[in-house]
Amino acid sequence: MSDTSRNRFDHAIATRCDEVTRRSFLAQSARALLGVSLIPAFAGGLFAADGDAAPVSAVRRPTAKNIIYLYMAGGMSHIDTFDTKPGSKTQGPVTSIKTSADGVQVSEYLPLLAKQMHHVALVRSVNSTQGAHEQGNYFMHTSYTLRGTVKHPALGAWMLRFSGRTNPTIPGNVVIQGNSNYPGAGYLDPRFAPLLIGNPSDGLQHSAKPPGVTEEQFAKRLEMLKAMNQQFQSRYDQAEVHGYQSVYDEAVALMKSEDLKAFDISGESQGMRDSYGDSPFGQGCLLARRLVEHGVRFVEVELNGWDTHTDNFDRVSDQAAILDRGLGTLLPDLANRGLLEETLVVVATEFGRTPEITDNNGRNHYPKCFSCLLAGGGVKGGQAHGKTDDQGAMVADSPVSVQDFNATIGYAAGLPLNEVVLSPAGRPFTLADKGRPVLGLFS
Amino acid sequence: MRPSIRRAFALALAMTLAAPAFAAETAGRVADPSAGVARKPDIAAAATAIDALVQTCLAKHQQKPNPEIGDEVFLRRCYLDVVGRIPTSAEAIEFAKNDSPKRRRELIAKLIASEGWVSRQFDYLADLLRVESAPMKKYPGDPYIDWIKQSIRADMPYDRFVTALLTAQGRVLERGNGATGYYVRDAGMPQDNMSNTVQVFLGTRVSCAQCHDHPFDKWSRLQYMQMAAFTANVSEGPDPELVKQLRKLARSDGAPTQEEKQGLKRIADSVRLEVRGSDKDTIQLPKDYQYANAKPGQTVKAHAMFGDEIAIKHGESPRAAYAAWMTSPENPRFTTVIANRMWKRVMGLGLVEPLDNFTDATVASDPELLTHLTQLMKDVGYDLRVFEEILYNTKTYQRAVTTTEVDPGEPYYFPGPVLRRMSAEQAWDSLLTLVLPDVDERKGANAENQYATYDDMKDKTPKELWDVVTNVVDSIKKRKEIQDQLKELAAKTDDKRELAKNPLVRELRQQLQDLNEDAKSLGYAKKRQQPETDPRWKGYPRDLVRASELPSPAPPGHLLRDFGQSDRNLIENANASPAVTQALTLLNGVVDQHVLQPQSALMKSLEPISGQEPRIRATYLAILTRAPSAKELAMAMSAGAGRPNGTADLVWTLINSNEFLFVQ
């Protein structure tokens, strides 16, 4: 960030916050700029909700122990899913239905979810500055815009970096059906990188010793390998090379874990599996639930195919059916198991889609306003935060930036939003950049 | 056989012991006499010129070049970079036996002329162009894949290759017309297609300007729209007139069933899929157009975003004019971008990074070199094979990789290439090199039977096509009935043999087979994989083929995907980061499943070798392309490697080592 923009930002914040907040902000700025905490007593008092002057501790008791993050890749049409505009010409053929939350309506494409909206806080006023997939996806996942000179970490890596694992024998960060260029650990230690699962029904492949190889033989192989690699690693003192040492250590530890069965969804009844829907995404949601039960802290499941430039209504209806089945089953399943209170479920996407319907019956990219949602993990369900105008074209009330949205997730997980972690080149970054959590979403 | 192998080991060993004696030849001698092609320049002289520029730049920054590499390191690196896989033992021995001072140049020339280079080049383009086997999940992608491979094989110059993509039109399944896949990939998204085109071929990011003036670069939304006007009127999809007639026919037969509707779509989406060009060169500004320089909804004319004006000649299509502008040697970015890309492919890092974010302020780490490479690309007539061959012949390429980390954003002056992890494709193809003989020659699926279906149906009238649909739908219905009948019969007995003898069962099975043929024609029944007919690969699973021969992208969970192969969603979406699943698949999967099987090429080659030490040496040569050090040899001996059961452990260890996975 340039000095001028930092000054502008300082000014904007300072005029909005009361004296206590401003002082702590100065301390915070010093930390951000110098990477040190000047006055420890002040660290942590920066954030305030819109129109609410009371300082809020950034580090507090978390309301969410785990996060299940569902990513709608390609840009989910807000108007056809969570922010319908009945009667507007931008709505097209989609009708709205009532939900279990008073006064909150959603698209007819989401009948199962409609019955779960009492768990859900919709955020209808998310807005991004990035209108292309790669940039938008990266921004949503990292809170920073895509740059050639640094790779920023995604939320799961931040979570492990700040508060570690709850189950040390299995990875704390898992991504199912993710983008092949998922930001992962970014510049943080590769230990925080996600375990990437391709097909959830296959679970974690190759997690057992090959048939016929004895324990002793396996140990011997590892010992020989260690000796081989020592030479190479001392010759090439590079992060990527060392990264391979940590993933091998991790893999070997994982093979011995009692909790490996968490990855195997064939341990679920057929009825349970069917209820999540016969799609990789649905089965991924089921796998996410199992993983969270076994102490995995962050699980992301991706649903691709929302880039509906053509045949928007047919395609959104197909996509929404998959989401509806997966999430509409996940929420009550978590609730029944008593896991929803400690698990924050997130639905995010890179941008919405144009209110205008094109000649191809499609909708194009639209970052100006779109919908995401949070459920469980201390979030007050049954509400819709923020508003867009009658056309679904502009934020009309309580805008939430991408950074604010991510700050809200970090806040729920009790992560230190203002703690600066320097990149190897010495550049200061935080979990959600300058984002401020939306406190009104919590109960 | 044994004596020659022994001799070769001696040679291989000599290579390690006497590395200085095998030091790189001094470049810049006489040109290869075999270089008879008109445009083919003096490779050695061209390489020397590049080295001189690199040397000047290093000196200017008070840096020294890295040491030259010995033949072993060169051999492995060269195979991995040029043909995308490690060399086999036989190939290593062949090189070790060659004591000509020109052996490196000869090896490069041999490899770059081989089918392996085609595979490697395809992998690169597939990531760059987001090539998919099933674009939009419904269209045929193999014709495009075939076309790209054929263009690489036939040395189509890069400027002509790009022109062919940008001006493609007509039926997708018409033999030789696969270039249409470029537009099919972004069907219905002409604006995204334009952003992608500008990013890939002009190294410039304009996607921001699709919606608003670019915040960091100079591009305005108006400029973007004017550029988009060149291709905005191109359309992709099944022939709309045919679709209309088919629908009419379907309705005249009463309400079409779900299956019939689906059949209609399938037939139209394949045999009548086409890219339609247009003579129109205007576009309407969107309703939310927000700047004072034009009005919302206003029609604007196509206009080049930079460089020379694009004048559309009488009778010329707007796309032809735009492609000519794009690929012109005068275009200020086109040639530089591809020269920089090829430099990165060979050296591991671009002179400009990132590759596709050029702005007016962009300065290369070595501007003189980039200017020189740009001119060189023009001089070789955009022949990428020749261009690469020159780069591989430089001393700069044939130096040790830099051992310390190169920080992103820091200028790098190329004292040597950078250390790279194998790409997913290099890793998979290298593992296969240990498993299969003649791995470069084994082919996977191609578009042949799609072309055949097309040839069969291209001249059919709508009525005839509709008959095809109803016939297929009928046969699917019948199939279902027969399958149910067979199930019932099977439920009555536990004895499978008796069941097979039942004449009714036989009759039904025969009928089913015939019906399957019908159903296959529209993709309702899975085509069974062609059985292997080539004796070289008999007994090897059909999906053990190089990455370039597998579906693009490989399915999630495949080793290729674990190692970061692009999912083809975004431009250059591959990655080489470490991941736990990679370790797991090497620890417990592919090595025991394929490499250690008795029929693997490696195990077969080790089998006749007797003696512990020769077996250890042969294992090192096959996997790491080098002889073991004395210490390594002693360690392997004491661990029992080379003995009947110990070899597996050594093979496993070497494949799992960092040294295997990184290209030094």
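User: How many of the 14 residues of H9(A) are buried?

Analyst: This is a predicted model, in which local features need pLDDT of at least 70 and side-chain atom pairs count only at pLDDT 80 or more, while totals for chains, interfaces and linings use all residues. Residues are numbered from 1 along each chain as its sequence is written, and chains are lettered from A and ligands numbered from 1 in the order in which they are written. Helices (DSSP runs of H or I, at least four residues) and strands (runs of E, at least two) are numbered from the N terminus, and a residue is buried if 20 or more other C-beta atoms, placed from the backbone, lie within 10 Å of its own, exposed if 12 or fewer, and partly exposed in between. H9(A) is largely enclosed by the rest of the structure, because the buried residues number 13 of the 14.

User: What distance does helix H9 of chain A reach from its first C-alpha to its last?

Analyst: Helix H9 covers residues 280–293 of chain A, and just after H9(A) the residue A:Gly295 takes a positive phi of about 95°. The expected span of a helix is 1.5 Å times one less than its number of residues. For the 14 residues of H9 the expectation is 20 Å, and the reach from first to last C-alpha is close to that, at 20 Å.

User: How many residues does chain B bring to the contact, and which of its helices gives the largest share of the side that touches chain A?

Analyst: Two residues are in contact if their C-beta atoms, placed from the backbone, lie within 7 Å, and the contact takes 57 residues from chain A and 55 residues from chain B. On the side of chain B that touches chain A, H24 (580–595), H28 (646–656) and H29 (658–661) each supply at least two residues. The largest share is 10 residues and comes from H24(B).

User: How many residues of the side of chain B that touches chain A are charged?

Analyst: Ala, Val, Leu, Ile, Met, Phe, Trp, Tyr, Cys and Pro count as nonpolar, Asp, Glu, Lys and Arg as charged, and the others, Gly among them, as polar. By class this side has 20 nonpolar and 25 polar residues, and the charged residues number 10.

User: Which residue just after H26(B) takes a positive phi?

Analyst: Helix H26 (residues 612–624) of chain B has 13 residues that should span 18 Å, and its end C-alpha atoms are 18 Å apart, which agrees. The buried residues of H26(B) include B:Arg615, B:Arg617 and B:Ile623. The positive phi of about 55° just after this helix belongs to B:Thr625.

User: What distance separates the C-alpha atoms of B:Pro157 and B:Asp383?

Analyst: B:Pro157 lies in the loop between H7 (142–153) and H8 (158–166) of chain B, and is partly exposed, with 18 other C-beta atoms within 10 Å. Beyond four places in sequence, B:Pro157 touches B:Gly381, B:Tyr382 and B:Asp383. B:Pro157 and B:Asp383 are 226 residues apart along the chain, yet their C-alpha atoms are separated by 4.8 Å.

User: Which residue does a cis peptide bond join to B:Ser552?

Analyst: Most peptide bonds are trans. A cis bond with omega of about -10° joins B:Glu353 and B:Pro354, and B:Pro354 sits in the loop between H15 (334–347) and H16 (367–379) of chain B. With omega of about -5°, the cis partner of B:Ser552 is B:Pro553.
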